[in-house]
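Please read it alongside the sequence and the model.

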Amino acid sequence: MWRLLWRSIDRFSLQHFKSVVTELRQIKVVDEQNRDAVVDLLQTIVEIVTYGDRKDPSIFDCFMEYQVLAEFVRVLRISTSSTIEAPLLQYLSIMIQNMDSEHAIYYCLSNDYINNIVEHQYNFNTGDLALYYVSFLRAVSSKISRDTLCLLVKFNGDVVVSFPLYSEALKFAQHEEKMIQTAIRALTLNIYNICDDNVYQFITTAPASIYFSDLVYSLREQCLQLDALVHSIEEKCTCKENKDIFLKTDKIIDNLYYFKDMLSVGESQLSRVVTKNLLSVLIFPLLLPLLKLGVNTGSYISAVTSLYIVVQLLQVVGGKHLINGVAGLLLYHYMALCQRDAIATNGDTAGGTGDSSPLLHVLNDIRIKISGPKAGGGEEININYLLQHSNEHTYSNSHYDVTPWDDDVHVDRFGIFAYLFSENHSISLASLFLLLTLAENKDLEHYPASLLRMSQNQGLTNCESAFAKVDGSILVRLMPQILKALLKVLACQPPVSPPIQWHTGWFLRKLLQCDGNMLTDDNVYLFNTSFEQSRECLRKELDGCWFDHIPDIIGHEWGSCKKALELQSQVMDPLFTLELASCQQTIDGSSNSYSAWQRMVDTVKVFILHLQLKAFIFMGRLLEKPSLKSWSYSDLGKTSSRDASSASFGSEVSLGSGIPCRIAFSYAGVRDVYLVAAAQGISGKLILAEKHPFRSQRGVVIAIAPLAGLSPKIDKDHPTWLHLRIREFDPDFFKAKGNQSKVSNPPADGRWTLGFHSAKACEAAQLLILEEPCKQRFSVERMLAPLLREDYWGEIWMAEAIKAPA
């Protein structure tokens, strides 16, 4: 034991360290024969130095005296095999990561040791060397500070002319390996957070600054791929295709968070170059085609994908320059029209919108590339010049002699606002969501002073004040048209898909908050029409195969639906716009039980939406979850019903009302059984039981099926055969797993065929199976009756008024 302890201590002794270094110095060439021995020497040195950095300063003094890092560099140069490179970089990474002493870190970064290792000519074409190399670079970046950064850069006077750690790392920025990409991004952020002005100047000047434009171009290519994916699956929207969209958008969002991290550094030079590239390479080329300025930016991407990407940029990346750049681009023509009206009315711009130009002050140096015959195939043009030129064209066009809000006919002719009234619901909702995101962003500035006074003097709500902040004379004045357009979507006949109804309802509540809940009589009529449609759809589901689950679904979905309606736009995922565009869902008319289940759940959600909207319109708030059980009634029923309702596989039940029949099981052959159908309250079961061997009036349960959805049919060719459809999909299983999304491979419906001794017995069995669900349905209807009444919200309001203190 003492000998082992002594050896352990001796391994980390100064004497042992000197002997290992001496042995390494004697190596003249590294080849396949001595490669393993050299690796062992390197490993031992790193272990001892790491120990000495924390426990024995004399070891690190020897490390510096013997210039051991220079030996590492020498080993790289004398190696005839690249197999030494990966372990050498790995051990160096471990040593640097475990260094705590500032003195040790300063020494390691001095004398160009690190730069020599960084700039060594490696062969990255084989093995995992690239991963070890990038890990080494990241380890070094994690230890540099403002005091040590100068040790890794090369100066010509006061100008940084070379930064090997940064420049070599950027060569791996687009590497296909995700771990390497992540390491490079962590490295760059480490550097950005400790840079000085000279290094920032190097980073933000070509050729180093090309990194930022390459990032944005790569992001732009990902957006184009996403758009192609969205429109390639319009006709076949399955779980797999949806998953592909989620994966693609996740990659885009990861990139956006990287841009956000760069802007969060707070350095003006860095923020300026990042924002400029985002605006000129990505955002403006996406938005300009939507504004219908007659330019071709070479970005062939659909409107809905463009709107989605811009909203994601605003939500994730943000920043004053970016927010105001987007707002300036979208609202330029409206500000100019307001200014023209103010000049015509007052003779000057005082108090009007003459300060609209500051909205674009961040864009003065932005140039974008446009393509097409007039542009010579690839001409760069200043964005302000383009907007001013298009604005002059707008003035000279007789169609625009009237301000947009003075004549509803002309509203849809103005840029982004044209999409608010599009027949394509996904585009109209996406454009409205973009304007909402802008309106409620705290970084929006440079709005006209007169609009600010309007929001202060008229006692507007916070939300409406936000609209005024963007441009009160646009969104506030267009509010009636927008509300009417949303209500028309809800009142469509036949109804639009449930997802479109739900998101339209969310926007409606959001805008009603801003508009003080004031709806015109025509709008109230539209909403009542939509409400009646949703109620009738729910009533139809009472005749469907899942009517027995409706009360449970209402109770289960009420809270999530209320939470979804109350969701703030700042945290709402704009992915819904792509989902609506890629999956133009319609109400599924399929007859299988899983499709019927999805249809029933969607119908319940839409009805809850309308109940909540009605309460908000007339009461000013949303409703709490109703207690459906308090509306039910005690139904003891017959003893046999109570007996059957608690039956399980292998239990005993009464055969008093059972009908004898036969059934063939693939695994058990033909069995003589009794059919027992019994409903109690909203539950009901169809039971197949074999006669008990000792108790003539009792049976043993061998199979159970839900009573609802059986759809009994007598075989046309065999009048003694009765066909039953069995619901195999178990919603309780998926609810227990917390899985509320669509099932990729739902189970097929089961089929039972029962044989009776006569056609009359078969008809009796069919009648029994049809009658018992009627009892269930009556119980469900009784339970839901208050919700389905026209004045349900009024009853709630009256009940609360009575409880309220005088």
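## Terms and basis

A crossing is called left-handed if the near helix is turned anticlockwise from the far one by less than a right angle, and right-handed if clockwise. This is a predicted model, in which local features need pLDDT of at least 70 and side-chain atom pairs count only at pLDDT 80 or more, while totals for chains, interfaces and linings use all residues. Residues are numbered from 1 along each chain as its sequence is written, and side-chain values use heavy atoms, with hydrogens and water left out.

## Overall composition

The protein has 30 helices and 12 strands, these being DSSP runs numbered from the N terminus (H or I of at least four residues for helices, E of at least two for strands). Of its 806 residues, 52% count as buried, that is, under 20% relative accessible area with a 1.4 Å probe and protein chains only. Among contacts (heavy atoms within 4.5 Å) between residues at least 6 apart in sequence, 73% join residues at least 24 apart.

## Helix H13 against helix H16

Helix H13 (residues 210–232) packs on helix H16 (residues 303–317) at an angle of about 135°, and their axes are 10 Å apart; axes are lines fitted to C-alpha atoms, for helices over the stretch in contact, and angles run from 0 to 180 degrees between N-to-C directions. H13 and H16 are therefore oblique to each other, since angles under 35 degrees count as roughly parallel, over 145 as roughly antiparallel, 65 to 115 as roughly perpendicular and the rest as oblique. The crossing of H13 and H16 is right-handed.

Cys223, Leu226, Asp227 and His231 of H13 make this contact with Val304, Thr305, Tyr308 and Ile309 of H16. By class, the residues of the contact of H13 with H16 are 5 nonpolar, 2 polar and 1 charged, where Ala, Val, Leu, Ile, Met, Phe, Trp, Tyr, Cys and Pro count as nonpolar, Asp, Glu, Lys and Arg as charged, and the others, Gly among them, as polar.

## Helix H3 against helix H5

Helix H3 (residues 35–55) and helix H5 (residues 68–78) have axes that come within 12 Å and cross at roughly 155°, which makes H3 roughly antiparallel to H5. Val38, Leu42, Ile45 and Val46 of H3 meet Val68, Phe72 and Val75 of H5, and the residues of this contact comprise 7 nonpolar, no polar and no charged. H3 passes H5 in a left-handed crossing.

The axes of helix H22 (residues 498–514) and H26 cross at roughly 15° and come within 10 Å, which makes H22 roughly parallel to H26. Their crossing is left-handed, and the contact has 9 nonpolar, 4 polar and 3 charged residues.

Histidine 610 lies in helix H26 and, at 0% relative accessibility, counts as buried. Leaving aside neighbours within four places in sequence, histidine 610 is in contact with Leu490, Gln501, Phe527, Ser530, Phe531 and Ser534. The C-alpha atoms of histidine 610 and serine 530 are separated by 7.9 Å, although these residues are 80 residues apart along the chain.

## Nonpolar cores

A nonpolar core is a set of buried Ala, Val, Leu, Ile, Met, Phe, Trp, Tyr and Cys residues joined through side-chain atoms within 4.5 Å. The largest has 215 residues, and those with the most contacts inside it include Phe17, Tyr192 and Phe212. Helix H26 (residues 593–619) gives the most to this core, with 16 residues. Apart from it lies another core, of 26 residues, among them Ile659, Leu710, Leu724 and Ile726.

Conventions: Buried < 20%, exposed > 50% of the residue type's maximum accessible area, 1.4 Å probe, protein only.
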